[in-house]
Amino acid sequence: TSRTVNLFSGFVQTDLPLIEQRLRLTLGSKFEHNDYSGFEVQPNIRLLWTPHVHHTLWAAVSRAVRTPSRFEHDARVSLAVIPAGSPQNPTPLPGLLALLGVRDFEAEALLAYELGYRLQAQTRLSLDLAVFYNVYNNLRSLEFGMPTLETTPPPTHVLSPVVLRNGAGGEVFGVEVAADWRPLDWWRLQLAYSYLQIRVHDTAATGLGTPNAEEGQSPRHQLSLRSSLDLTRQIEFDAWLRYVDALRTISVPSYLTLDLRLAWRPWKSLELALVGQNLLQSRQREFVPEQLSLPSEVQRSVYGKFTWRF
């Protein structure tokens, strides 16, 4: 019914200018000890190179972890009752299919490789390109455990456990492109596109579940266009149009949506704003959560906002 959890963490980082105004090395690491997976080290190394005032290149290698939660260690979720004498349960006792956590569940680990380039083409225009390749190990998976006889809760039944394990891995590759353009002093445009490719595999060959389902739960393509207008010194008008690709394995279709914002600043400390969100359709589904939650749809909304800074 209760559990005390201790967490200790610290972070250290240093910047080393290898060549003044040209080459900089950043080294750092997070150190953590938790009661679920013990001692975790998450280092990071980054290199920034500026060969010219208009060109910047950077690269990074990082390790990160998702530490287990109490769910992975202590969960017990009854999934289904299987009647006695049925094809799935030929025994004379009822069967219970349950999801169980395990105390030896380890942290999920990520090793991330990143490479980026920025071009300051002119004072009003900059372009960014970033690519990344992520390697995941010890991802959460499911496997059948050994059936056992249980008397609690009554009646006496056969427990068929589905156990959480670290039996999956994966790779993620992506590209991000962004442009920031100020055609006029009072107008700013920001365009961004991202591509994402996910591959998940069952490293332990448990044979339970579909690890590849994770590949279709993130949008492969996303496109975003923002416009910011300073109509006067006191009035701002912002628009955000974005496209999100379909999530195939959870039946969420692609969608295009638009947000608008009109703000008035009669004084420096006071802002009145009218905002409209998801204006192109009355409602849309963006994701389907796990089996223990019901999905919801994001609705079109309009609201006013009052901000006073002092």
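This report describes a nonpolar core, some ring contacts and a pocket in a predicted model.

## The largest nonpolar core

Seven residues in all, namely Val-77, Leu-99, Val-102, Phe-105, Val-162, Val-163 and Leu-164, make up the largest nonpolar core of the model. Strand 10, which covers residues 157–184, gives the largest share of this core, with 3 residues.

## Rings and charges

The count of aromatic pairs comes to 1. The pair is formed by Trp-308 and Phe-310, whose ring centres lie 4.9 Å apart and whose planes stand at 45°, so the pair is tilted. Trp-308 counts as exposed because its relative accessibility is 53%, where the cut-off is over 50%, and Phe-310 is likewise exposed, with a relative accessible area of 86%.

Another ring, that of Trp-240, has the charged end of Arg-226 over it, 4.0 Å from the ring centre. The charged end of Arg-242 also sits over the ring of Trp-240, at 4.6 Å from its centre.

## The second largest pocket

The second largest pocket has a volume of about 270 Å³, and 16 residues line it. Those that lie nearest its centre are Arg-226, Asp-238, Leu-260, Arg-261 and Val-275, and Arg-226 is also one of the residues whose charged end sits over the ring of Trp-240.

At least two residues of the lining come from each of strand 12 (221–230), strand 13 (235–244), strand 14 (255–267), strand 15 (270–277) and strand 18 (301–308).

Note on methods
Residues numbered from 1 in each chain as written. Predicted model: local features only at pLDDT ≥ 70, side-chain atom pairs only at ≥ 80, totals over all residues. Heavy atoms only, no water. Core = buried A, V, L, I, M, F, W, Y, C linked by side-chain atoms within 4.5 Å. Buried < 20%, exposed > 50% of the residue type's maximum accessible area, 1.4 Å probe, protein only. Helix = DSSP H or I, 4+ residues; strand = E, 2+ residues; numbered from the N terminus. Phe/Tyr/Trp six-rings, centres within 6.5 Å; stacked < 30°, edge-to-face > 60°. Lys NZ or Arg CZ within 6 Å of the ring centre and 35° of its normal. 1 Å grid on protein atoms, 1.4 Å probe; cavity = no way out; pocket = protein on both sides within 12 Å on 5 of 7 lines; lining within 4 Å. Points joined across faces, edges and corners; volume = space filled by probe spheres on them.
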